[in-house]
Amino acid sequence: MKLDTNTINKIAKLARISLSEEEANDLLKDMNSILDWVEQLNEVNTESVEPLANISSSTLPQRKDEAKDINSSDEVLKNSPDKLEGYFAVPKVVE
Amino acid sequence: MEIKSINQLKSLLDENKISVKEIAQTYIKKIKEKKDLNIFIYFDEDKINDQVKEIEKLPNNKKLKGIPIAVKDLFCTKNMPTTAASKILENFNPTYESFVTQKLINEGSLFVGKTNLDEFAMGSATNTSYFGNTINPLSNKDNPLAPGGSSGGSAAAVAADLCLGSTGTDTGGSIRQPASFCGVVGIKPTYGLCSRWGIAAFASSLDQAGIFSKNVTDASILLEEIAGHDERDSTSSNVAIPNYSKKFNSDLTGKTIGIPKEYTVDGISDEINAVWEDAIKSLEKKGARIKHISLPHTKYALPTYYIIAPAEASSNLARYDGVKYGFRADEAKSLDEMYEMTRSEGFGKEVKRRILIGTYVLSAGYYDAYYLKAQKVRKLIANDFVETFKECDLILTPTAPSAAFPLNEKQDDPIKMYLNDVFTVPASLAGIPGISIPYGKDKNGLPLGMQLLGKHFNEQEVFNAAFALEKDYE
């Protein structure tokens, strides 16, 4: 057992996902079995192996640093659940 | 008049034997008849008819004029909503068009609708969708089967003849496995061949767009159109895209095809192994030399994938916060509470599980032990292929460890579900191209798939061998 309920709740807080007690228990079981299963990677000797972050063989080309008009704020705001005078609106942050 | 392939439909259009409007009507009718299979998340007759008016104005030399295409609902489309099969993106109308769908529109494709998938492409059965399961069109009435996943709707749309081709995305097998389950062709090209711009991100170092179709020629025609460089995706490659189908060569003389011993795993049915044998014999008859090879790190591919993919997902899915688009929980009293309630109500179980695993493996104190370790093993898996391709041109394996399984088969063990991707994940980690073609059937008459893997950016070679094998069942 790698994770306990406290750890699950701490991770859930980091991920901004609130869990009911039942959900936390379910996830605890699943996540522990997944973490036990991935343990087998420790059998592999990775000494002096470079981590692979990007498989793409292409080099990153440079482009001109030019402003492009691709989104209008009106259109973007249309998708927002709450907006106010051209801004996204959220619950009050400061009293 | 039966519509069978892209080239045939193009000829019918050229000879004025069918109009774009008639094509649209034909497919609208078919889609309505198959409504019970729940293949589409979005289908709107008016939107199809609007496109017909625009497409009719296009010259006939547009390569895909009037060709009916279904789009996985992970691609942002300006004229149709995009949900990623998640409640959290309900009512999202993108303000832009994805690179891949824009290329298809530019050549005159007719989009018939947006297809169902596993939520944010996380799954292997199209059963984690907020909009319900898709049913495999090859099922009997009393035994509904899964279409595979995550691009199950797109595979099913081709299998049910509701389009000639469809777009998919493949992160660990999400094109090849459903293609195998539904008896259609599915190609995942080399990582970087198609731009990821405008595709809702799952695991960015693995995500790649691809195609489903009825045959290898159609897959190659469509892939040729959606490939290409895009400066908005920094991993998009600037390579020349061949006219694949013009260069098809089904004579495999001089080609070496590798058969990896690690793909003979426990629990695989004799039927699949027998079909694999058949395919090997057929390739030999077509001139290829068969070489038994070893990809020694294969068994570590799945655990590596299930660290890397959730880690990247936890980061990519941080953007769904209820502020800018989609669903927002409305009773929250503070900003933090809004984030937490929105995300716990907006995401489904599998997505939450993966976000939490990803958050854990990236968290302080665990990063080196899990994420960095997985990236190092990934390097060894990729190197296996680099070494093998020094002595082989292609690799042949089964696509999936089983034929389509029953829809309501119990899925309470996530690891058992993840094993569906055992043959497809290694190629994803290595970023190499892979195709699945239907090849043979099991005792219940369900299709089985064979997978051909090739070198980076050598889709031509993959298509050639697939084209040669396809002839065995014509």
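How close do the axes of H2(A) and helix H9 (residues 301–316) of chain B come, and at what angle do they cross? The views below cover this and the rest of the picture, starting with a word on the model.

This is a predicted model, in which local features need pLDDT of at least 70 and side-chain atom pairs count only at pLDDT 80 or more, while totals for chains, interfaces and linings use all residues. Residues are numbered from 1 along each chain as its sequence is written, with chains lettered from A and ligands numbered from 1 in the order in which they are written.

**View 1. H2(A) meets H9(B).** The two axes come within 9 Å and cross at roughly 125° (axes are lines fitted to C-alpha atoms, for helices over the stretch in contact, and angles run from 0 to 180 degrees between N-to-C directions). That makes H2(A) oblique to H9(B); angles under 35 degrees count as roughly parallel, over 145 as roughly antiparallel, 65 to 115 as roughly perpendicular and the rest as oblique. From H2(A) come A:Ile34, A:Trp37 and A:Val38, and they meet B:Pro303, B:Tyr306 and B:Ile307 in H9(B). The residues of this contact divide into six nonpolar, no polar and no charged (Ala, Val, Leu, Ile, Met, Phe, Trp, Tyr, Cys and Pro count as nonpolar, Asp, Glu, Lys and Arg as charged, and the others, Gly among them, as polar).

**View 2. The chain A side of the contact with chain B.** Here 44 residues of chain A and 56 residues of chain B take part, where contact means C-beta atoms, placed from the backbone, within 7 Å. On chain A, helix H1 (5–14), helix H2 (21–38) and helix H3 (73–78) each supply at least two residues; helices (H or I, at least four residues) and strands (E, at least two) are DSSP runs, numbered from the N terminus. H2(A) gives the most, with seven residues. This side of chain A divides into 27 nonpolar, 11 polar and six charged residues.

**View 3. The open sheet of chain B.** Its 11 strands run in the order S1-S3-S2-S4-S6-S5-S10-S11-S9-S7-S8, with mixed pairing (two strands pair if DSSP finds at least two bridges between them). Strand S1 (40–42) and strand S8 (289–293) of chain B stand at the edges, each with a single partner strand, so one side of each has no neighbour in the sheet. The twist averages 30° from one strand to the next.

**View 4. S7(B) beside S9(B).** Strand S7 (residues 256–260) and strand S9 (residues 394–398) of chain B pair in the parallel sense over two bridges. B:Ile257 stands opposite B:Leu394 in S9(B).

How values were computed: Contact = placed C-beta atoms within 7 Å.
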